[in-house]
Amino acid sequence: MTTLKIEELRSKIEGKEILKGVTLEIHGGEIHAIMGPNGTGKSTLASALMGHPKYEVTGGKVTLDNEDLLEMEVDERAQAGLFLAMQYPSEIAGVTNSDFLRSAINARREEGDEISLIRFIREMESKMKGLEMNPEFAHRYLNEGFSGGEKKRNEILQMILLEPKFVILDEVDSGLDIDALRIVANGVNEMRSPDRGFLIITHYQRLLNYITPDFVHVMMQGRIVKSGGPELAHRLEAEGYDWVKEELGITDETVREV
Amino acid sequence: MDIQARVSMNVDDLRAWSSAKDEPRWLIERRVHALELAGTLELPKVEKIKLEKWDIYESGDYKAENAWSGLEDAPEVVRGLVASPVKGGLIVQFNSDVVYTKLSESLAVQGVILTDLHTAAKEHEELVKRYLFQAVKPEEHSLSAAHSALWSGGVFLYVPDGVEVEAPIQAIFLNDTSGVRFAPHILIVAGSNSKISYVDHCISSRDDIKVLHNGVVEVFVGVGSKVQVASVHQLATATTDFTQRRAVVLADGGVEWIVGEMNNGYTASDTKTLLQGNGSISDAKVIAIGSGDQKLSCTTQAQHFGRSSVSQMITRAVMREEATAIINGITKIEKGATHCDGQQTERVLMLSPKARGDANPILLIDEDDVTAGHAASVGQVNAEQIYYLMSRGISRSEAEYLVIFGFLAPVISEIPLEGVRSHLQDVVEKKLGRS
C-alpha cells in the first residue's frame, strides 16, 4: 500500500525557516486536508515535498513507499509517483499543451514503449471532455493566456493523465467559480482509489463539500497543531480559527522569525 | 592600422575575369568603380563590435566549378535539403559558381525568371541594370564595395506583375574549400500585385573551412505584392559571415523576413526594410544561437517613409558557452510618415555564466503622429519553468530543451519549406549540444 511518511520536516526559504517540524503519515485510499490561515506554511509543505529549488530542507525525513524522497531530484520524485497540482502553474510559450503532456507521459515509460500518438490524442481528448475543457487548449501554448480556472483544470488534466500514486493539491480551489469547482472536484473524486493517497491544501471548507476528507489537519506556525475528522473542517468553517488559537494558547498563527 | 578590405584582384584582373564571364560593359564598369571604392572606404560601423579584429579582410579567390547535370551526384547535404521533385524552383551555388538551376515549366511560362546573376545581367540586362545595387550600395563601406566588385554566382529571381507563385523558390549556397571567394548576390524583383516565397540555405561542408562569406540580398517588392524571404545560415567555425539583407517595399506591398543565424563562426548580419510606399508592411523574425567563443551581431532595421506603413521585428537569441551576442533593433520613422506603426522585440536567453548578451532597442522618430514600441530582455532560463516541467517527470535536460525550443518556436514554425524547417530543427538541436 502506498504510504507517504513525513517526519519532523523542516524547511526554509531565503534563510527564513517556515516549516518547523511537520509530521504526517498518509496511506493509499486516504484523503487528508490541511487547512489554516495564510502564512502558516501550508504551501511551503507542498513545495518542499515536490522539491522546489527555492525551498531548502533543513531537517526531517520524507519517504514515499520507503524510498527517501528528499534525496531525489524533482523529476525523480514525479517518476516515483508524486504529483503536485500547483497553486501558480508556470506559463511556457512555444511549447504546446499536448506536446508537453506527451513528453510527461513518455518520461515515465521505457524508451521504445512511448505512447502512440493516436492513443495519446484519444485519451487526452476524452479526459479534456470530462473536465469540460475546450479541445482547442491542447494546441495552445502551455498555460499561456489561460485564465486562473483554466490553469487549474489543466493541472487536474495532467493529474488524470499521469496517474500518480500520491497527489498533493495546493489551493486548487482558489480562483474557481462554483461550476469549475464542481468539475475539478469530480476529476479528483474519479481518481480516488485504494492505491492512491491525497493531500489537499486549502483555505476554505467549500472544496471539502465536494471532496470528503478522511482526516483534517490545522497548520499554524509551521506545524500541524490539530488533527481530526471531517467535522473539524465544518467547525473551522463555522467558527473560524480563533478557538483553535485560544485552545492552544497561540496569539500569532503565522510563521515568525526565531 | 589598415582597416580597408584587401581584395585579391587588381583592376586589370577584374576586367579580364568579368569579360570572361561575358558580362556587359556597364557591369564591368560598376565592378571596377566598386573595386576602387573598396580601397578607400572604411569598414562598416557595427554597434559594440570591433569588426576590424575579425577575419574579414580576405575576399578569397574565384574558384570555377563545373555545372551539375542533375542532383544525383550532389553532396548529401544538398540532397537532404531538397524536396524531390522540385516543385517551384531550385538554384545551387557551389563555392564561387552556380552549378545547378531548375525552374518549373509552369512558372517559366508565366514569365518567372530564376537564374544566376551573371546570366541575368546578359539575358535580362534592363531589369538587372535597373535594380542591382539600388538597395545595398557599394558606396556604403568597404565590405559593401568589395562585395559589389567581386560577387560571383548569385541569384536573380523575377516575378512579373500579377503573377502569384505558391511553391517556394529554393536556393542553396554550399562552400567546401577554404580560401575561395564566397560572395553570392541575391536579387529578387517582384512586380506589382505579385507573390513569391524564397528560401535559402548557406552552408559549409566541414567546420574547418575558412572563408569570408560576404553576401548581399536585395529585394524589391512591387506595389501590392507580397514577398517572403527565409534564410538559414549554417557556416563553419572558421568562416566569417557578413550578410546584408535589404528590402525596398512599395505601396501596399509587404516583405516577410525569416532568418536563422546558426553559424558556428563570427557573424554580423543586418536585415533592413525600407518602407517606401504608403501602407507598406515589413515583418522580420530572426533567431540566433551562439556557441563556443562565437561573436554574433544581429541587427534588424525598419525605416519608414510611406504613410501608414507598419513594421514588426522580433529577434530571439540563445547564447551558450562563451558566445557573445549584440542584438540591435532600429526603428526609424521619417518626417511625413504619418500613421505609421513600428514595433520591435529583442530577447536573449543565456545558458551559461560565460555567455554574454546585449539587446539594444532603438527608436528614431521624426514624426509625431505615429505609434511605436519596443521590448528587450536578457536573461537566463526561468528556474520556475524548469521546476514545473520537472515536477511532471521530465528530466532537467529535456525541460531546458523544451523551454529553449519554445523560445525559438515562433520563428522555426514560420519556415515555409518542410525540408528546411526540419533541417533547422536538427541544426538547433546540434547548436544546443544535444546531438
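# Briefing: chains A and B

In chain B, the loop between helix H2 (25–38) and helix H3 (76–81) holds Ile49(B). The model described here is predicted. The predictor assigns the complex an ipTM of 0.96 and a pTM of 0.86.

**Ile49(B)**

- Ile49(B) counts as partly exposed because 19 C-beta neighbours lie inside 10 Å, while a buried residue needs 20 or more.
- Leaving out residues up to four places away in sequence, Ile49(B) touches Ala268(B), Lys295(B), Ser297(B) and Ile326(B).
- Ile49(B) and Ala325(B) are 276 residues apart along the chain, and their C-alpha atoms are separated by 9.6 Å.

**Chain B as a whole**

- The average pLDDT of chain B is 94, and 98% of its residues score at least 70.
- Where pLDDT is low, predicted coordinates should not be read in detail.
- Chain B contains 10 helices and 19 strands.
- The radius of gyration of chain B is 21 Å, close to the 22 Å given by the globule rule for 435 residues, so chain B is as compact as a globular protein of that length.
- The C-alpha trace of chain B spans about 65 × 55 × 50 Å along its principal axes.
- Of the 435 residues in chain B, 56% are buried.
- Taking the contacts in chain B between residues at least 6 apart in sequence, 82% join residues at least 24 apart.

**The nonpolar core**

- The largest nonpolar core has 201 residues, and those with the most contacts inside it are Ile188(B), Val221(B) and Ala325(B).
- Helix H9 (residues 396–412) of chain B gives the most to this core, namely 10 residues.
- Domain 1 (11–277) and domain 2 (382–435) of chain B each give this core at least three residues.
- Which residues is Val221(B) in contact with, leaving aside its neighbours within four places in sequence? The list is Ala190(B), Val227(B), Ala247(B), Val248(B), Val249(B), Leu250(B), Gly253(B), Gly254(B) and Val255(B).

**The two domains of chain B**

- Chain B is divided into domain 1, residues 11–277, and domain 2, residues 382–435.
- The centres of these two domains, taken over C-alpha atoms, are separated by 30 Å.
- Domain 1 of chain B puts 16 residues into the contact between the domains, and domain 2 of chain B puts in 11 residues.
- On the side of domain 1 of chain B that touches domain 2, two or more residues come from each of H3, strand S7 (195–204), strand S9 (226–234) and strand S11 (254–261) of chain B.
- S9(B) supplies the largest share of that side of domain 1, with four residues.
- By class, that side of domain 1 has nine nonpolar, seven polar and no charged residues.

**Contact between chains A and B**

- The contact takes 20 residues from chain B and 20 residues from chain A.
- Helix H8 (383–390) and H9 of chain B each supply at least two residues of the side of chain B that touches chain A.
- H9(B) gives the most to this side of chain B, with nine residues.
- This side of chain B is made up of 11 nonpolar, five polar and four charged residues.

**Helix H8 of chain B**

- H8(B) is largely enclosed by the rest of the structure, because six of its eight residues are buried.
- The buried residues of H8(B) are Gln385(B), Ile386(B), Tyr387(B), Tyr388(B), Leu389(B) and Met390(B).
- The cover over these buried residues includes helix H2 (74–79) and strand S7 (92–96) of chain A, together with H9 of chain B.

**Two loop residues with positive phi**

- Glu163(A) has a phi near 45°, a positive value in a residue other than glycine.
- Glu163(A) sits in the loop between helix H5 (148–162) and strand S9 (166–170) of chain A.
- With 15 C-beta neighbours inside 10 Å, Glu163(A) counts as partly exposed.
- Glu321(B) has a phi near 50°, again a positive value in a residue other than glycine.
- Glu321(B) sits in the loop between strand S15 (310–319) and strand S16 (324–333) of chain B.
- Glu321(B) is partly exposed, with 14 other C-beta atoms within 10 Å.

Terms used. Residues numbered from 1 in each chain as written. Chains lettered and ligands numbered in written order. Predicted model: local features only at pLDDT ≥ 70, side-chain atom pairs only at ≥ 80, totals over all residues. Core = buried A, V, L, I, M, F, W, Y, C linked by C-beta atoms within 7 Å. Buried ≥ 20, exposed ≤ 12 C-beta atoms within 10 Å, placed from the backbone. Domains from an automatic or database assignment. Contact = placed C-beta atoms within 7 Å. Nonpolar A, V, L, I, M, F, W, Y, C, P; charged D, E, K, R; others polar. pLDDT = per-residue confidence, 0-100. Rg over C-alpha atoms; globule rule 2.2 N^0.38 Å.
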